[in-house]
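Work through the following exercises with the sequence and the model side by side, and try each task before reading its solution.

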Amino acid sequence: MKIYVADDYKGMSRKAANIVSAHVILKPNSVLGLATGSTPVGMYQQLIDWYNKGDLDFSQVRTVNLDEYVGLAPTHDQSYRYFMQTNLFDHVNIDPASTNVPNGMAADPEAECLRYNQVIRDMGGIDIQVLGMGHNGHIGFNEPGHAFELETHVVDLTESTIEANARFFASREEVPRRAITMGIKSIMQARQILVVVSGESKADIVKAAFTGPVVPEVPASILQMHPDVVLVGDKAALSKLL
Ligand code: F6R
């Protein structure tokens with residue numbers, strides 16, 4: 001595993017964007033595995049900035065996102081499709097047809113998972129998968145205790161996640177109860193994995209994930225078994241690892 005320590009969130013974002021850029025430059029039709037959440041937002045902004053300066057060309061890039069809520073339309077401001085459009089896709093010259101996010105509105109979510117696995121296979125696999133990490137070590141929507149050997153699948157969200165998400169919706173009833181997520185197996189098949197972490201609140205889980213035992217209770221710990229992981233974090237998030 002390679003570790004890059006940045007002074008702060010901005011530095012982390014810039015270093016992570018450097019690594020993604022290298023893929024786009026060296027292989028213009030790279031398959032980028034992308035994540036939502038607060039951590040990679042600055043990385044996306046940096047990529048947009050370099051695109052605007054003429055340093056990056058996304059015209060041949062293909063993307064595949066980690067996850068999506070079941071029941072949220074792409075136009076819903078809490079959907080992950082909406083997040084990707086507003087945080088990256090709408091601001092660069094990527095072909096919309098080359099961007100993939102699980103379809104949360106699919107009539108048959110199980111069939112959508114199979115379709116999504118095939119999309120990833122048809123693209124020849126993922127060149128670099130960007131991952132944020134939850135405070136409990138989750139990656140994608142793979143929560144503690146989930147099996148390591150799954151590809152894309154439907155998950156029931158825990159009560160605590162539903163509760164935490166409630167603030168983003170008009171009422172608790174509107175909060176999605178299920179999500180579609182790439183499984184650990186899909187994530188581990190990416191040729192390179194870029195983990196981004198920021199802030200002191202992630203320090204304990206970063207330590208557990210990368211120096212503790214590889215156990216389903218800490219989903220991100222499986223990354224210790226991947227041959228090409230790059231961990232980019234700010235000093236605060238990496239403080240207990242170094
Ligand atoms: C995002 C995702 C999640 C987040 C994780 C960390 O697509 O699947 O696993 O990466 O919850 O979120 P932040 O970056 O907000 O701390």
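In what follows, Ala, Val, Leu, Ile, Met, Phe, Trp, Tyr, Cys and Pro count as nonpolar, Asp, Glu, Lys and Arg as charged, and the others, Gly among them, as polar. The model is predicted, so that local features need pLDDT of at least 70 and side-chain atom pairs pLDDT 80 or more, whereas totals for chains, interfaces and linings use all residues. Residues are numbered from 1 along each chain as its sequence is written, and side-chain values use heavy atoms, with hydrogens and water left out.

**Exercise 1.** Describe the lining of the largest pocket by class and by element.

Step 1: a pocket is an open set of points on a 1 Å grid over the protein atoms alone, where a 1.4 Å probe fits, with protein on both sides within 12 Å along at least five of seven lines; lining residues have an atom within 4 Å of a point.
Step 2: the lining holds 33 residues, and Gly-37, Ser-38, Tyr-80, His-138 and Asn-165 lie nearest the centre.
Step 3: two or more residues each come from β4 (67-69), α3 (80-87) and α5 (159-165), with α5 giving the largest share, four residues.
Step 4: by class, the lining has 12 nonpolar, 16 polar and five charged residues.

**Exercise 2.** Determine how α2 is oriented to α3, and which residues make the contact.

Step 1: the axes, lines fitted to C-alpha atoms over the stretch in contact, are 10 Å apart at an angle of about 40°, on a scale from 0 to 180 degrees between N-to-C directions.
Step 2: α2 is therefore oblique to α3, since angles under 35 degrees count as roughly parallel, over 145 as roughly antiparallel, 65 to 115 as roughly perpendicular and the rest as oblique.
Step 3: the contact (heavy atoms within 4.5 Å) joins Val-41, Tyr-44 and Ile-48 of α2 to Phe-83, Met-84 and Asn-87 of α3.
Step 4: five of these residues are nonpolar, one is polar and none is charged.
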